[in-house]
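Work through the exercises below with the sequence and the model open. Try each task before reading its solution.

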Amino acid sequence: MNHHYHVTISWTGNSGTGTSAYTAYERDHSIKAEGKPVLLGSSDPAFRGDATRYNPEELFLASLSSCHMLWYLHFCAEANIIVMEYRDQAAGTLTVNESGSGHFTEVILKPEVVVAKSSMKHKALELHKKAHKFCFIANSCNFPVKHEPLIRVK
């Protein structure tokens, strides 16, 4: 079964002269999906972007983190593991080559999970491995996605 996704990216950074020079335009753009709020995007400030807007690298990292979380919560619900809180402070490393091209070389997900009972801790930790195996986004990556989970009891 295939699922199809659509977004519209609209560049909003024309300062009046288009891309007449590398410094003549803003990297600002909007990201839209039907029926959803607009996300404001730009490039990373290191690449002349607006630090107040999401950049593609942050959105990619967020996609990995949220996909893992959603699978994890699914498997916890199936296993009667009651998750009370979930927070991930994901980190990624992007390596830029001399040519200017680049790629992610590593992502580390650092989910902090609070479960309802101490008897749930072991299985809650174990389910991160299963979530990783099912994560659509992680399965699409050509670099390691590592995990450093922490499980606490409420």
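**Exercise 1: a loop residue with positive phi**

Arginine 48 sits in the loop that runs between β3 (39-41) and α1; helices (H or I, at least four residues) and strands (E, at least two) are DSSP runs, numbered from the N terminus. The model is predicted: local features need pLDDT of at least 70, side-chain atom pairs count only at pLDDT 80 or more, and totals for chains, interfaces and linings use all residues. Residues are numbered from 1 along each chain as its sequence is written, and side-chain values use heavy atoms, with hydrogens and water left out.

Task: find the phi of arginine 48 and state how exposed the residue is.

Solution. Step 1: phi is positive, about 70°, although arginine 48 is not a glycine. Step 2: the relative accessible area of arginine 48 is 38%, so the residue is partly exposed. The classes are buried under 20% relative accessible area, exposed over 50%, and partly exposed in between (1.4 Å probe, protein chains only).

**Exercise 2: the partners of β7**

Task: which strands pair with β7, and in what sense?

Solution. Step 1: apply the rule that two strands pair if DSSP finds at least two bridges between them. Step 2: strand β4 (residues 83-88) pairs with β7 in the antiparallel sense, over 5 bridges. Valine 83 has valine 115 of β7 as its bridge partner. Step 3: strand β9 (residues 150-153) pairs with β7 in the parallel sense, over 4 bridges. Here valine 113 stands opposite isoleucine 151 of β9. β7 is mostly covered, with 4 of its 5 residues buried.

**Exercise 3: the largest nonpolar core**

Task: which residues touch the most other members of the largest nonpolar core?

Solution. Step 1: define the core as a set of buried Ala, Val, Leu, Ile, Met, Phe, Trp, Tyr and Cys residues joined through side-chain atoms within 4.5 Å. Step 2: of its 24 residues, Leu64, Tyr72, Ile81, Val107, Val115, Phe143 and Val145 touch the most other members. Step 3: trace the sources. α1 (56-78), β6 (102-109), β7 (111-115) and α2 (121-134) each supply at least two residues. The largest share, 7 residues, comes from α1. Step 4: look at isoleucine 81. Not counting residues up to four places away in sequence, isoleucine 81 touches Cys76, Val115, Met120, Lys123, Ala124 and Leu127.

Methods. Contact = heavy atoms within 4.5 Å.
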